[in-house]
Amino acid sequence: MADMHTEHLNNVRLGWVVAGWFVSVAVTSVVLIVLAGLQLVDTDPITGSLWSVLAVAIGFWIGGFFTGLRVLQAPILHGISIGLTSLIFWFFLNVAADVAFGLAAWAGLTPTLTAAIMLEQMVVAVAGAWVGYRVAQRGGAELAE
């Protein structure tokens with residue numbers, strides 16, 4: 001299996017990474033809206049968080065799949081980049097909110113929770129990108145087996 005020869009930084013396409021991130025965030029938002037409509041996401045810190053983790057996993061898997069299906073190169077690096085894009089957007093949104101509205105930084109996310117969310121996003125985006133890459137390379141024949 002010589003499929004991993006594409007895993008080089010010069011094969012990462014920034015435009016597709018951002019597009020995959022936007023797809024991930026959009027799908028996550030839709031899933032959360034559906035879960036809220038079903039009254040599954042509430043203020044309970046345990047069950048509400050579990051459904052939110054599931055929504056993020058679904059959204060970022062689909063975003064990774066979308067990206068892997070389109071770029072046909074470096075699925076692992078694209079998936080990791082999608083997760084890192086969240087960190088970049090999060091930083092700039094926090095700075096903008098602080099400057100524009102004088103809002104304090106989010107105190108609800110500890111460094112450990114932030115790292116766990118980032119890891120989740122990267123792992124499921126990589127898994128989705130890998131499956132998308134394999135489907136594009138093989139036509140999805142191995143998924144039918």
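A: N11 lies in the segment before α1, where helices (H or I, at least four residues) and strands (E, at least two) are DSSP runs numbered from the N terminus. The model is predicted, so local features need pLDDT of at least 70 and side-chain atom pairs count only at pLDDT 80 or more, while totals for chains, interfaces and linings use all residues. Residues are numbered from 1 along each chain as its sequence is written, and side-chain values use heavy atoms, with hydrogens and water left out.

N11 counts as buried because its relative accessibility is 12%; buried means under 20% relative accessible area, exposed over 50%, and partly exposed in between, with a 1.4 Å probe and protein chains only. The C-alpha atom of N11 is 8.9 Å from that of H78, although 67 residues separate the two along the chain. H78 is itself among the buried residues of α3, together with P75, G79, S81, I82, G83, T85, S86 and W90.

α1 follows the segment that holds N11. The 24 residues of α1 should span 34 Å at 1.5 Å a residue, and its end C-alpha atoms are 34 Å apart, in agreement; the expected span is 1.5 Å times one less than the number of residues. Buried in α1 are V17, G20, W21, S24, V27, T28, V31 and L35. An α-helix has 3.6 residues a turn, so residues three or four places apart point the same way. Just after α1, Q39 takes a positive phi of about 60 degrees.

α3 has 27 residues and reaches 38 Å from its first C-alpha to its last, close to the expected 39 Å. Just after α3, G102 has a positive phi of about 70 degrees.

Both helices also contribute to the largest pocket, whose volume is about 520 Å³. A pocket is an open set of points on a 1 Å grid over the protein atoms alone where a 1.4 Å probe fits, with protein on both sides within 12 Å along at least five of seven lines; lining residues have an atom within 4 Å of a point. The volume is the space filled by probe spheres set on the points, which are joined across faces, edges and corners. Of its 20 lining residues, V56, S86, W90, I117 and Q121 are closest to the centre. The elements giving two or more residues to this lining are α1 (14–37), α2 (47–71), α3 (75–101) and α4 (111–138).
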